[in-house]
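Keep the viewer open and follow along.

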Amino acid sequence: MMTMVFAVEEINRNSSLLPGVKLGYRIMDSCDHIHTSLQALFSLVTHSTAENVTEERMDRSTQPETLPSCLADSPVSAVIGLASSSPTRAVAQVLGPFNLPLVSYFATCTCLTDKRMYPSFLRTVPSDLFQVRGLVQLVTFLGWFWVGTIETTDDYSHYGIQAFTNQFKQQGGCLAFHLTIPKSPTVTEIQEMADRLQSSTAQVVVVFASEVQLLELLLEGTLGFSFPGVSIPGLKEFLLNVCPSPKPGMEFVNMFWEELFGCRLEFSSDSQNNSTYSTFKASDDEKPICTGSEDLRYTDSSYTNVSPVRISYNVYKAVYAIAHALHTLLNCGSEGYEGLCEKHKSFTTRQLLHHLKMVNFTNQFEEKVYFDSNGEPVPLYDIINWQKDSKGEIRFVKVGSYDGSAPMKQQLQMEQSAIVWTKGQSQVPVSQCSAPCSPGSRQARRPGKPHCCFDCLPCADGEISNQTGSTECTKCPEYYWSDKDKVKCVAGVEEFLSFYDTMGIILVALTLLGVILTIVITSVFHRFRSTPIVKANNSEISFLLLLSLKLCFLCSLVFIGQPSVWTCRLRQAAFGISFVLCLSCLLVKTIVVLLAFRASAPGSRAVKLFGPSQQRTLILCTTAPQFCLCAGWLLGAPPFPFRNPTYQASTGKIVVECKEPWPPGFYLVLGYIGLLAFLCLLLAFLGRKLPDTFNEAKLITFSMLIFWAVWISFIPAYVSSPGKFTVAVEVFAILSSSFGLLLCIFVPKCYIILVQPERNIKKGMTGKHVK
């Protein structure tokens, strides 16, 4: 209030701003209450012109001894106030239809931005919209996403908390609790609120309320938004020179004086109409009478602490804004009026309101003063920290600033090292419902809880999270896999049946054993090629069968090692043709045995019709379909190397295998082998009991039984085996069936040749003696 008086008197002493015009004022107390505010307003605007010439209105006067005339027809041209939002809304709504300017210095509610409801309202304090934006930026900047909120029952608090909540949630924040402080809370209500604060996991509380309502809660460590403060030259001396007086308009000063010094003022008049202090004694239960020697210079209160002033500065700017509007409206300083204002110009409140909205000047503190389209100033704030001094008293320390008109990333400026937190700590308090999940895990929201409350679950295999607080795990690219900590993707380890694996070494050893054994048997057969047991059933077919078995053993080597384009194409074709050649030879040998032993005479015509050339032709005819099938398969849809990530989830490895674009090709090859094997088994089974000393059909039957057992068990094992074990199963089946054929058919003959040579005679073969 006294700053407004100071500003008016300073303007009246300024010969350049409103030359020839003097401003007047009338002060009314709203008591921060809507009903009282409206009462004071009606008293202010309806007061008679004659009574308010020198007290209530902005007037002009060049001769103090004459009654001045008013600037406008209305007793009041503009109103400065009010301090809180709820009474301001009521007054602004009343003044709006009359276009009477109302300039507030402390009503910050966003609701007052509505120009349809409050067309004549302006303010020198930014809207809470900017304070809320700055507060949200401040809270999130400090990493607080789990906070509680407290509001009071006035519009400032209600709208502020509502706006903060909406914007805070948009930034990912969550509310731990929300409390409303009643106007007159009971002890029970206070205790319930205290218990709620104590039990909450939130370490930060966001409050929209006046200082008086939360004085007991503001402890050391509080951060708040405040308006920029300045030191107004001459203001302190003006305030300290104030003294009580019985004159009209000094009631507030007198009340302040009595409250500050704890005494009671009494006035009496002497013969010269000069006021003096009365000296009569007060009653026992009343305060002592003021002596008149009290001096404000020796007091320590917020009244005398004017360096810097914040809210008072908004009042100072409001008075100057109105003065600059009048300067323009009254054509002050223009030609034709001798440098004075156009005193006798009649104007309306609408005209004054228009010029007030257009005000734009730079004051003595280098601040540009103007109003935007909503009648609001540039949103500038100081961020202050409540700190205790050496005496244990709270003082305000600027630790940052917020400029709502700056680019987004430059609006908030903080000096964190200057902040003193609760209990004198220097570290920023942590307020969170759940600690952020570490890299390698993700947040899993708890049912029925805000999204800030979550559990941390490790990422699945093949997924990573490399940041703290990740809400989702990221799947690794193809052929990459997560490391053991699930924080980065690494190139997948390629797996195939290698020559250096234990399994690969065993299979290679078995293959070489089979090849060596086949070579040994071939050598034995070649050494004794002229003996009856070798010559029986066409020795040429026997040597061809040994060659095909050797190829069967060797084709397994193509399945071992890293797959390439050529090995993928060669492996199944080599396997299919080698086994068909082997089974074709067995089929011919079986037919020869049946024909030889079922003929009516040794030189029967049936045996002659199925001679060596016919046997070769049958082998060629039975092998040719498989050859054509393999050739067509390789030309039409050849297998190719493929990195299969299917088993990464279970093994973490990429299986390098041969991809078969046309799976029926493999099953047709396998099916044809099965067909020949079935024919061999059937014919051999029919001749198993022929009367002979050495029945080869019986041996072929045993070998075919082993062959069928191996390949019947191979199919489910092949389908169900993962990764490189699929190849291992097929190699094992090839080796097992090859060894079965080799051992069942040729080992017994070698035994007779080497151990029982006496049986290696024609009689031994046919069961008849040849003389």
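Let's start with S104, whose side chain reaches the backbone nitrogen of A107 at 2.9 Å. The S104 side chain also reaches the backbone oxygen of L82, at 2.8 Å. These are polar contacts, meaning a pair of N or O atoms within 3.5 Å; within protein, one must be able to donate a hydrogen and the other to accept it, and residues adjacent in sequence count only if both atoms are side-chain atoms. S104 lies in strand β2, residues 102–104. Helices (H or I, at least four residues) and strands (E, at least two) are DSSP runs, numbered from the N terminus.

Is S104 buried or exposed? S104 counts as buried because its relative accessibility is 0%. The cut-offs are under 20% relative accessible area for buried, over 50% for exposed, and partly exposed in between, with a 1.4 Å probe and protein chains only. Leaving aside neighbours within four places in sequence, S104 is in contact with G81, L82, T88, F121, L122, R123, T124 and V125. Contact here means heavy atoms within 4.5 Å.

A word on what you're looking at: this is a predicted model, where local features need pLDDT of at least 70 and side-chain atom pairs count only at pLDDT 80 or more, while totals for chains, interfaces and linings use all residues. Residues are numbered from 1 along each chain as its sequence is written, and side-chain values use heavy atoms, with hydrogens and water left out.

Now zoom out. The protein chain has 22 helices and 23 strands, and 46% of its 771 residues count as buried. If you take the contacts between residues at least 6 apart in sequence, 66% of them join residues at least 24 apart. The accessible surface comes to about 39,300 Å², with 58% of that belonging to carbon and sulfur atoms. Those areas come from the Shrake-Rupley method with a 1.4 Å probe; for residues, only the protein chains shown count as cover.

Next, some strands. In a regular strand the side chains alternate between the two faces of the sheet. Take β6, residues 205–208: V206 and F208 are on its covered face, V205 and V207 on the uncovered one. β6 pairs with β4 (residues 146–152) in the parallel sense, over four bridges. Two strands pair if DSSP finds at least two bridges between them. To find the spot in your viewer, look for G148, which stands opposite V205 in β6.

Elsewhere, four strands make an open sheet in the order β7-β12-β13-β14, with antiparallel pairing. Its edge strands are β7 (223–226) and β14 (412–414), each pairing on one side only. Neighbouring strands of this sheet are turned by 35° against each other on average, direction ignored. For that angle, axes are lines fitted to C-alpha atoms, for helices over the stretch in contact, and angles run from 0 to 180 degrees between N-to-C directions. Within the sheet, β12 (residues 380–388) and β13 (residues 394–403) run antiparallel and are joined by nine bridges. Q387 stands opposite R395 in β13.

That leaves the cysteines. How many disulfides does a search of the whole structure find? It finds nine, a disulfide being a pair of cysteine sulfur atoms within 2.5 Å. One of them joins C332 and C341, with the sulfur atoms 1.9 Å apart. The C332 and C341 link is right-handed, with 110° about the S-S bond. C332 counts as buried at 9% relative accessibility, and so does C341 at 3%.

C476 and C489 form another disulfide, with sulfur atoms 2.0 Å apart. Their link is left-handed, at -90° about the S-S bond. Because C476 lies in the loop between β18 (474–475) and β19 (480–482) and C489 in strand β20 (residues 489–491), the pair ties together parts that are 13 residues apart in sequence. C476 is buried, with a relative accessible area of 8%, whereas C489 counts as partly exposed at 25%.

Then there's C568 and C658, joined S to S at 2.0 Å. The torsion about their S-S bond is about -85°, so this disulfide is left-handed. The pair links distant parts of the chain, with C568 in helix α14 (residues 565–598) and C658 in strand β23 (residues 653–659), 90 residues apart. C568 is buried, with a relative accessible area of 1%, and C658 counts as buried at 15%.
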